[in-house]
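Please work through the following exercises with the sequence and the model at hand. Each task is followed by a solution in steps.

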Amino acid sequence: MNTSTSPSATLTVTDLRISYRIAGHRVDAVNGVSLEVNPGEIIAIVGESGSGKSTLAHALTGLLPGTAEVSGGRIELDGARLDRFSERQWRHVRGARIGFIPQDPGVALNPVQRVGKQVAEALRIHRPSDPDTERATVLANLERAGIPDPGRIADRYPHELSGGYRQRVLTAIAFAAGPRFIVADEPTSALDVVVQQRVLDRIERLARSSGTAVVMITHDLAVAGDRADRIAVMHGGRIVEQGPAGQLLSAPRHEYSQLLLASVPRLVAVREQGPPTQPLLSVDRLSKVYTVRGGPGAGSLRAVDEVSFGIERGRTLALVGESGSGKSTTARLVTRLADPTSGTIRFDGVALEGLGARALRPFRRRIQLVAQNPYTALDPLMTIRQIVAEPLHAFRDGTRRSRTARVRELLDQVALPATVADRKPKELSGGQRQRVAIARALALRPDLVVFDEPVSALDVVIQAQILRLMAELQEEFALSYLFISHDLAVVSQISDTVAVMREGAIVEQGPTAEVLARPRDPYTASLLDAVPGKGPARTG
Amino acid sequence: MTARLPPGLPRYLVRRLCQAVFVIWAAFTVTSLLLYLLPSDPVQIMIGPQAHASPGQLARLRHEYGLDRPVVTQYVTQLGRALHGDLGQSIQSGVPVITELFRALPHTLALAGASLGLGAMLGGSVAWSAAYASSPRLRAALLAVPSLFISVPTFWLGLMLMELFSFTFRAFPASGGTGFASLVLPAVTLAIPSAAFIAQTLGSELIKAMGEPYADTARAKGASRSRVLRGHALRNAVMPTLTMLGLLVGWQLSGSVVVETVFARDGIGRLTEAAVRTQDIPMVQGLVLLAAVCLALVNLAVDLVYPLADPRVLVRRPAVRSRQRPSARAAAPAPGGGR
């Protein structure tokens, strides 16, 4: 069979329907999608989780799980009916004609094989292997994917590389056999903004220079607007609107596209600088040093390096930085889940750093933490009622009846229906779970809530809702927030002041509007530059 | 790709070796202590339950064997002797324990080796077929078979095989320890449950690995199912199976007690059965020590193979990540990147 694709080939999807068989039931995931991917174009498919966009991506690469079934429609490549292909026929299409960039670089590479070998396999499957030139080809592929020192990286195992590097290796694999089409399934949703920008730069550059068409699946309309020629908005298994990127972003017609667009956080400080209030928390030259034993990296690691900041009552300080910058460690120090090596933490006039477990207990109820991942931060065996009431039990707060009333009140405050109280976390969506986590944090009426990336695992629409809820609660209960994020656009929606962290130290801090408008540190400038959705949208 | 000696390797090796030595020492010490605490009198056992000796004679014998000295002195003397390969004499036969062990060991090693080899082949094939099968029903059926065989008692399986192949078909001898033919039935008896263990662990691990995102990445390259199994799933699935293999060797030792008795074969298992039955204390102690050495060696071997199968076992190197160069970025925007 013909394994090369003529440059003018198109990938056409007509009225595609896909359903899953789950416990005897049929659940429709894709309900009649029609789409045309033209040679050399970048098309973004934007939608929230559950919209069917990942199912579509898997159908385009023949990687649907066994429980999925194409119940109607066609997928055609150069007139060949891909949806009717056998596994054997698909093998000639995958890699050679349609490449695939998976979602999570943390798990998408074989952990026990050197990455160079994994790139080599992509070449070897479709061409006779030539041991003399193979290594050079592998290195060239890695270099094109944005790895500056391919000779060294090729001999590494995945766990020895950062997420950004792993995603570049996966990019190299997808492009290795020279496919005319690439399906990228949320290629950067697991990465920081700065790394996301670089990886997307690479994918876009490789695609444009080789004339490869890219179908980019994303939940981020801003990313789509920055990269794609055309955008298709998916909702409930259907494409509700598609068109040239510029047109869709400037004048979305469908109400769901309008909602999506309105939910994208703009890089503009929402809050104005108010009069100073009383200080609640002040942190002075706080450090955390870890000792690393064994290996060439042995020695001490300064995870947090002489960090100083303050939070006033009723205000929000955002701590911004990429992963590994020490911001989460700082959160753990402030909540006293970890012990600082040096420095002071003053909360409402009391030094917390030297207090033992018993002396800390009254402060535990005044400082609460909302963790990053709403999927793992709730005990799966407990009901929502038990989860929200747990802090009340821990502090023997109130009677049985008053606790029930308090749970109902808290659920109401986070805009959850009272009926969720008897459900288990797995029955709730990501956004609902994060609301539960917030309700639990508010149960003891704290003064300070530390949010560790509270919205980074959520879709953009849900993200906007949670941010709005956080602002309302802050207003209503005069809460102070320490808000940790890697995304300056999100930060701009909620914070009064911003501190930018890099390699354990704060490189810049000040009022949000000022930092966004006039960054003094080049690192802050690069973070601002990385935020998607600022550039002029591409037009057809 | 080039082979490099990982930086954490020497440290890892030394630590594993020390653990193995500790396990052997601990087994020796605990058995010494337990046997000392037992209510039975070694001298009485030595002279036989029927023989009546005067208290004076018993005391003299005790003194002769050093049994009247403090427990610590006895233990240190024993440990010193054991380090020189002297485990005392069998009370029953009067032959040095070490001689008895070395005489019996080859028989059991042959049995264990044959049954492990057979078990690995059989179990491996079932696991592979289950993972390769594209029909979920066939896969479920293949994975259900092992749990059936795990629950079959060894002695019953041995007797059934003997009935069928020795008495009905007269294909293999029912007893004896000479020649290859006599090895077949005992080895098969032990191999079937071993195969079931291996099939169960390796099978479910292979199927789990085939569902991992890295298997999808390989399929997206155009790799066939067998290529993904061979090139990616197998090495990831082999790790938990290796750990299980260490446990399986211990199971083989205990299984050999039953199988060697049922088939009247010479070997460690039979020696153990006799030593326990006759309360031959030095022999029991020697056998426990041997079992400890075997287990420690197998686990050491597994630990040494581990880093070959999984590079993450050794101390990690710091991850390579892209450095921040904002100034360089600003100066040289990506060409063709459109921004």
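The model is predicted: local features need pLDDT of at least 70, side-chain atom pairs count only at pLDDT 80 or more, and totals for chains, interfaces and linings use all residues. Residues are numbered from 1 along each chain as its sequence is written, while chains are lettered from A and ligands numbered from 1 in the order in which they are written.

**Exercise 1.** Describe the largest nonpolar core.

Step 1. A nonpolar core is a set of buried Ala, Val, Leu, Ile, Met, Phe, Trp, Tyr and Cys residues joined through C-beta atoms within 7 Å. Buried denotes 20 or more other C-beta atoms within 10 Å of a residue's own, exposed 12 or fewer, and partly exposed in between, with C-beta atoms placed from the backbone.

Step 2. The largest core has 208 residues, and Val119(A), Val388(A), Leu482(A) and Ala233(B) have the most contacts inside it. Its largest share, 16 residues, is supplied by helix H8 (residues 181–210) of chain B; helices are DSSP runs of H or I with at least four residues, strands runs of E with at least two, numbered from the N terminus.

Step 3. Another core, of 17 residues, lies apart from it and includes Phe28(B) and Cys294(B).

**Exercise 2.** Is Glu186(A) buried or exposed?

Step 1. Glu186(A) is in the loop between strand S7 (181–185) and helix H7 (193–210) of chain A.

Step 2. Its phi is positive, near 45 degrees, although the residue is other than glycine.

Step 3. Because 20 other C-beta atoms lie within 10 Å, Glu186(A) is buried.
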